[in-house]
Amino acid sequence: MKGDMHTYGRLIREALPYWKIAVLAMLSMAATAAMEPMLPALMAPLIDESLIDKDPSALIQIPLLIVAVFVFKGISEYVASVSSQYVANRTVADIRSEVFAVQLDLPMTDHDAEEGGRLLSRITYDVAQVGEAVSTAWMVIIKDTLMILGLLGFLIYTSWQMSLALLVAAPIVSFVVKKASIKMRRSNQDLQTWTGRLTGLIEESLLAVKDIKIFGGHDNQQARFDDINKRLRHEQMRVIKIQSLNVPLVQILAAITIGIVILIGTQMSARDMLSPGEFVAYITAMGM
């Protein structure tokens, strides 16, 4: 955790020269998040006033409001995506330049002690991963956090009874996702290592192809390549298995939660404690 905080602190320092664009990105993310609860909130009057009560003004106003929300949300989402990617790409370019300069300045003993493919992977693959962290981390921290808080507030406001089921299920889903994330991180690190080794072997073989042919080293190099290629394939499949298991497991937990919420909602509706529009709005917000 301490290492992660240090890394993100370093990334923030690298992105400081572009703080104006970063502020624009954060404001756009906040605007996008603010629009999320508006969509389910409009479902209640759409069902109750437009479809059930047949209110003439609601028949026109609600569709116009839905369109307006989507237009504003689309514009703010576009601005947030482009501006955040701009900051991320500029930061990655700066980091890549710094890493390349450091690699050139390293003494030959360091170059000899490390595989050539690992050095190449560090500049290409590692820096790209940093860029992904820059572009996605603050999207999660700002936009997703505000969106979840807004939707959660709407859910509790609409029906605190049904929200209890969500609050019980949330830690379970969070635990599953956290465990999967830890396994994914370890697998990605191993995948990165074997990718670097394979790149190094290919680079080494192509540079020494003449010597390999002269001294009959083809079979040996092929065996080394096949071994690393096999290990790389195993690591790739491990990542795929974790990803493939995580999604259906979360979906099953979500389905159980939705079933409980629907059961509570139908009971409340039967007692006139919840209108059809409020129930639809709640399910919409929960799905979001």
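I began with the surface and found W19, V23, M26 and L27 making a nonpolar patch of about 400 Å². Patch members have over 30% relative accessible area and no salt bridge, with nonpolar side chains (Val, Leu, Ile, Met, Phe, Trp, Tyr) joined within 5 Å and like charges within 9 Å. A salt bridge here is a side-chain nitrogen of Lys or Arg within 4 Å of a carboxyl oxygen of Asp or Glu. Areas come from the Shrake-Rupley method with a 1.4 Å probe.

A note on my source: this is a predicted model, where local features need pLDDT of at least 70 and side-chain atom pairs count only at pLDDT 80 or more, while totals for chains, interfaces and linings use all residues. Numbering starts from 1 along each chain as its sequence is written, and side-chain values use heavy atoms, without hydrogens and water.

Next I placed W19 in helix α2 (residues 19-35); helices are DSSP runs of H or I, at least four residues, and strands are runs of E, at least two. W19 is exposed at 51% relative accessible area, given that exposed means over 50%, buried under 20% and partly exposed in between.

Then I looked up charge: K178, K179, K183 and R186 gather in a positive surface patch. I found K178 in helix α7 (residues 160-207), exposed at 57%.

Last, I checked the whole protein chain: I counted 10 helices and zero strands, and 33% of its 288 residues are buried.

Terms used
Lys and Arg count as positive and Asp and Glu as negative; His and the chain ends are not counted. The place of a charge is taken as NZ of Lys, CZ of Arg, CG of Asp or CD of Glu. Buried means under 20% relative accessible area, exposed over 50%, partly exposed in between (1.4 Å probe, protein chains only).
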